[in-house]
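Reader: I am new to this structure. Could you show me how to read a few of its features?

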Amino acid sequence: MRNGRTVEHALVEPEEAPAPETLEARLAALISFYRWQEAVFSVPVAGRLMRGAPRRTPSRGLLAHLDARAAPGSSSLVRVRRHRHRGRPPLLLPAEIQAILDGCAVPDASIGEWAGNLRDRLLFALLAETGMRLGEALGLRIGDFVMGRGTPYVEIVPREDNPNGARVKMMRPRRVYVGTDLERLFADYLTHLACRAAELGTGIGTDSPLLVNLTRPPLLAALREGTVRDKTASLRKKGIGPAGWTPHWFRHSHATALLLAGTPEWVVSRRLGHAHVQTTLDLYGWVREDEALRAAANWKSYVSAWQVTDDR
């Protein structure tokens with residue numbers, strides 16, 4: 001494809017050679033497919049599409065032992081497109097995410113309860129640990145959070161009848177596994193929600209909205225995007241989080257953390273709900289090459305509790 005050699009068998013005879021961008025997209029999809037085959041079915045093809053390390057070691061200077069760079073490793077024969085004429089997505093560092101969560105609610109050891117707005121902490125914790133879009137989180141119902149069956153997970157279910165108008169992008173369902181910390185937070189919130197519903201004399205069930213109004217009317221109504229924007233602006237005014245951050249930054253941070261922890265691109269793509277793995281490569285292909293970002297925070301430790309296996 002790259003060198004213009006004669007193709008022995010072709011379904012469609014191309015009129016002219018593809019543009020470099022088109023060629024790179026096709027090759028990126030091809031190598032991603034073989035990486036998936038190797039990871040899932042142990043088909044040893046992806047390794048043959050990688051360049052090996054140089055056979056001869058280049059000459060080294062007198063102070064070469066002070067060089068912190070790692071030894072050259074294998075590199076891809078495929079050059080994946082980067083940035084696509086766009087800047088890097090904005091990120092929240094682990095310490096900034098923790099500050100936002102604590103700015104919503106913190107555990108009070110003296111009374112054994114949460115101090116603050118537990119619903120808001122659950123919302124931002126969901127965005128941080130699952131990488132889901134805000135609309136997907138606002139459309140969740142209580143029964144979509146499944147626990148007590150091994151690894152807890154969240155079912156993202158497309159619905160057209162959400163009272164707050166929230167929708168799943170492209171109406172694609174998926175399952176996202178989460179850690180035990182988020183499971184405990186959900187259990188605490190569910191207890192708080194049940195108590196609040198009992199005070200109001202209203203029943204709740206598995207089909208009830210998960211994130212609802214607890215203090216403002218209409219009480220127990222599904223949370224709307226405008227309320228989340230108000231909460232985000234309130235936290236920014238208090239100096240919590242970087243300037244201008246939005247809930248969508250959690251999604252970019254989630255993807256970046258997984259890639260820095262060594263998660264394959266196709267797994268990240270499925271977890272985020274991207275239609276094509278090329279979308280993931282276009283947005284986050286730069287991540288593995290950015291050593292400065294890797295050194296900025298201990299991302300691998302931050303995602304150590306996340307269960308990102310996807311056996312569907």
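Author: We will take helix packing, cavities and backbone geometry in turn. Keep in mind that this is a predicted model.

Reader: Start with packing. At what angle do helix 2 and helix 3 pack?

Author: Helix 2 covers residues 94–104, and helix 3 covers residues 118–130. They pack at an angle of about 160 degrees. Their axes are 8 Å apart. Angles over 145 degrees count as roughly antiparallel. Helix 2 and helix 3 are therefore roughly antiparallel to each other. Their crossing is left-handed.

Reader: Which residues make the contact?

Author: Helix 2 brings I97, Q98, I100, L101, D102 and C104. Helix 3 brings D120, R121, F124, A125 and A128. By class, this contact has seven nonpolar residues, one polar and three charged.

Reader: How do helix 8 and helix 9 cross?

Author: Look at residues 265–272 for helix 8 and 277–284 for helix 9. The two axes come within 9 Å and cross at roughly 105 degrees. The range from 65 to 115 degrees counts as roughly perpendicular. So helix 8 and helix 9 are roughly perpendicular to each other. On helix 8, the contact residues are E265, W266, V268, S269 and L272. On helix 9, they are V277, T280, L281 and Y284. Six residues of this contact are nonpolar, two are polar and one is charged.

Reader: Which residues line the largest cavity?

Author: Find G135, E136, G139, L140, D144 and I156. The lining divides into five nonpolar, three polar and four charged residues.

Reader: Last, the backbone. What should I look for?

Author: Look for exceptions. Most residues other than glycine have a negative phi, and most peptide bonds are trans.

Reader: Where is the cis peptide bond?

Author: The cis bond joins P217 and P218, with omega about -5 degrees. P218 lies in the loop between helix 5 (180–200) and helix 6 (225–237).

Reader: What is the phi of S42?

Author: S42 has a positive phi of about 60 degrees, yet S42 is not a glycine. Find S42 in the loop between helix 1 (20–41) and strand 1 (50–51).

Note on methods:
Residues numbered from 1 in each chain as written. Predicted model: local features only at pLDDT ≥ 70, side-chain atom pairs only at ≥ 80, totals over all residues. Heavy atoms only, no water. Axes fitted to C-alpha atoms, helices over the stretch in contact; angles between N-to-C directions. Helix = DSSP H or I, 4+ residues; strand = E, 2+ residues; numbered from the N terminus. Parallel < 35°, antiparallel > 145°, perpendicular 65-115°, else oblique. Left-handed = near helix turned anticlockwise from the far one by under 90°. Contact = heavy atoms within 4.5 Å. Nonpolar A, V, L, I, M, F, W, Y, C, P; charged D, E, K, R; others polar. 1 Å grid on protein atoms, 1.4 Å probe; cavity = no way out; pocket = protein on both sides within 12 Å on 5 of 7 lines; lining within 4 Å.
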